[in-house]
Amino acid sequence: MFRIVCLLALMLASTAVLAATLTVRVRDGRGASVQDAVVYAVPEGRSVAPPKRVAVMDQKNRMFVPHVLAVQTGTAVKFPNSDDIRHQVYSFSSAKPFQLPLYKGTPSSPIVFTTPGVVTLGCNIHDRMSAYIVIVDTPYFATTAAGGQVTLDDLGAGRYAINVWAPGVRDAPAPVTVVLTDGERRDLTFDTRKGK
Amino acid sequence: MLDAVLHRALAVPATIVLAFAANAAPVLDWSGFLSLRAASSADERPLETDALSAQAQVGLDWWASPAFGAHVHLVGRTDDRDAVRGHAGIAEAWAEANFHPAADRVRLRGGAFFLPTSRENVDALWESPYTITSSALNSWFGEELRPVGIDATWTHQRASLGATLFRGNDTFGALPAVRGWSLSDHWTVLGERFPVDAEYFTSVSAENDGRAGWSARASWNGERLYLQATHIDNRGDGLDYGDLDNWGTRFSIVAAEYSTEEWTVAAESGWGPTFVFGDGQKFVTDIDASYVLISRRWDHARATVRYDDFGADARERALTLAAFWSPRGPFRLGGEVVRASDRYRVMLEVRYHFAR
């Protein structure tokens, strides 16, 4: 039993050592860090595993939480309403147009996002509420916090197209193709410009 | 010229909705509430209310697509406050179109609607999650202001601008100037004639002078802080039209709200002149109403304190304490105590919410 445990631990450690790490910083035209930017790495020439988790876009204090939610294509998203007032969530983005009826609590069925793209959310009762769901064709993604930086640390060796999407930026930066080797650590910086 | 623009503008959202209805799978939803209420005896302004009352409010929402839809808000009640045609009717009826140019949002709404300014009536059907009855300011708006026209809102990141062109509301201003302020939740319905005094009525549907009114607002929305400024001018001519006197009212409001998941602090302050002609003379009354509320929310309960300060010829103040408890799903039990000058009103309510 002890030998089996040691062997499993060695296998897991070996996997971690083999994975490449990509750190991406996103900044605007003035060099300031961009929060809520979605960084995603699309592997080229190989398929990806389907999504397993259910994501959540909550409504708290008359705001969507989070403001930007990144999910893999095929992910189901729940829309719980944690406020004690009703909301009416809608999207008429082509990637997933939908409308939920007025509700408190959690709607009975989550919504599955099956088309890559960006979905803009709003509330028909409260104009100030807005958020984005970014659907990407890869399990390798993350959203920048205030520091404008993310680290993708579970990338296998191979070729990837690194993409960035940020709210308010009309023309996304051009994707950058990288070829990663086992255990490699790479840094990238993307510059965005606000759309007009 | 404003009237011509208003007539054409009202046709736009209705036309768009009808066009999309032909090519979409429409969705019809409904939601609302039933309430039973008991109140201690209160015969004088601003606390006048029936001892026992019941009301039902229903919202019907029809959406041709996520971008285009229509809404009707129906009200039925036992306490009509001696109004004519005040027991049941339509409080709101509008069609709406939403656009998202770039990252902005543009909303066009046409019909009869509450002006979207209140910081306390923030739930659907213009309900308040904070208290049973509204502040003097929003009680007045619920009784005497219902723009019938078109409203446009443009939201860009944290800033928002709105403008309204409307007909009706020619008697807006009569209630605070003549009858006095109230602390209530009587949302008048279209066509209702609400008593001002023994001789005169007010009506949100009153269109006597053929002059369109207007309103403009601007707001800024931070993570927790919300600021808003609004101006309303009903362009009433102040002339006598039988038992519906026109009042010319210009009213400005500033509002602020700070909220976390548990706490909300909201305040509004409104002021402006209202005038009417009588016996060849112009009578001007300066009216003002302000409130500040602090509310704390728990999982199934909420408690609120609200202070009101309002005046026309005389100055009045009121303190409201309200508490809500939602023990099971759609039910809400509420209690409210209001002290205004030396008078008290205690109110208990059971409210049942329903939705499709």
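Predicted model: local features only at pLDDT ≥ 70, side-chain atom pairs only at ≥ 80, totals over all residues.
Chain A is split into domain 1, made of residues 20–47 + 140–196, and domain 2, made of residues 49–137. The C-alpha centres of domain 1 and domain 2 of chain A are 23 Å apart.

Where these domains of chain A meet, eight residues of domain 1 are in contact with eight residues of domain 2. On the domain 1 side, strand E2 (38–43) and strand E13 (141–143) of chain A are the elements that give two or more residues. E2(A) gives the most to this side, with three residues. Sorted by class, the domain 1 side has six nonpolar residues, one polar and one charged.

## Nonpolar cores

The largest nonpolar core has 63 residues, and those that touch the most other members are A:Val38, A:Val39, A:Ala70, A:Ile133 and A:Val134. Strand E12 (residues 130–136) of chain A gives the most to this core, with six residues. Both domain 1 and domain 2 of chain A take part, since the core draws at least three residues from each.

What does A:Val39 touch, leaving aside residues up to four places away in sequence? The list is A:Val24, A:Val26, A:Phe141, A:Ala142, A:Thr144, A:Val150 and A:Val164. A second, separate core has 33 residues, including B:Leu47, B:Ile132, B:Leu145 and B:Ala289.

## A four-stranded sheet in chain A

Four strands of chain A form an open sheet in the order E13-E2-E15-E16, with antiparallel pairing. E13 and strand E16 (176–180) of chain A are at the edges; each has a single partner strand, so one side of each has no neighbour in the sheet. On average, neighbouring strands of the sheet are turned by 20° against each other, direction ignored.

Within the sheet, E2(A) and strand E15 (residues 158–165) of chain A run antiparallel and are joined by six bridges. One example is A:Tyr40, whose bridge partner in E15(A) is A:Asn163.

## Paired strands in chain B

In chain B, strand E5 (residues 105–112) pairs with strand E6 (residues 148–156) in the antiparallel sense, over eight bridges. Here B:Arg105 has B:Thr155 of E6(B) as its bridge partner.

E6(B) is also joined to strand E7 (residues 159–167) of chain B, by nine bridges and again in an antiparallel run. In this pair, B:Ile150 has B:Leu165 of E7(B) as its bridge partner. E6(B) and E7(B) form a hairpin with two residues between the strands, and in this hairpin B:Gln157 takes a positive phi near 50°.

## Where chain A meets chain B

How many residues does each chain give to the contact? Chain B gives 28 residues and chain A gives 24 residues. On the chain B side, the elements that give two or more residues are strand E1 (27–39), strand E2 (52–65), E5 and E6 of chain B. E1(B) gives the most to this side, with three residues.

The residues on the chain B side divide into 10 nonpolar, 10 polar and eight charged.

Most residues other than glycine have a negative phi, and most peptide bonds are trans. Two cis peptide bonds are described here. One joins A:Val65 and A:Pro66, with omega about 5°. A:Pro66 is in the loop between strand E5 (63–65) and strand E6 (68–72) of chain A. The other runs from B:Arg45 to B:Pro46, with omega near 0°. B:Pro46 is in the loop between E1 and E2 of chain B.

Positive phi values also occur in loops of chain B. B:Asn169 is not a glycine, yet its phi is positive, about 60°. B:Asn169 is in the loop between E7 and helix H3 (174–179) of chain B. Is B:Asn169 buried or exposed? B:Asn169 counts as buried because it has 30 C-beta neighbours inside 10 Å, and the cut-off for buried is 20 or more.

B:Ser341, also a residue other than glycine, has a positive phi near 55°. B:Ser341 is in the loop between strand E17 (331–340) and strand E18 (343–355) of chain B. With 14 other C-beta atoms within 10 Å, B:Ser341 is partly exposed.

Methods
Residues numbered from 1 in each chain as written. Chains lettered and ligands numbered in written order. Pairing = 2+ DSSP bridges. Contact = placed C-beta atoms within 7 Å. Nonpolar A, V, L, I, M, F, W, Y, C, P; charged D, E, K, R; others polar. Domains from an automatic or database assignment. Core = buried A, V, L, I, M, F, W, Y, C linked by C-beta atoms within 7 Å. Buried ≥ 20, exposed ≤ 12 C-beta atoms within 10 Å, placed from the backbone. Axes fitted to C-alpha atoms, helices over the stretch in contact; angles between N-to-C directions.
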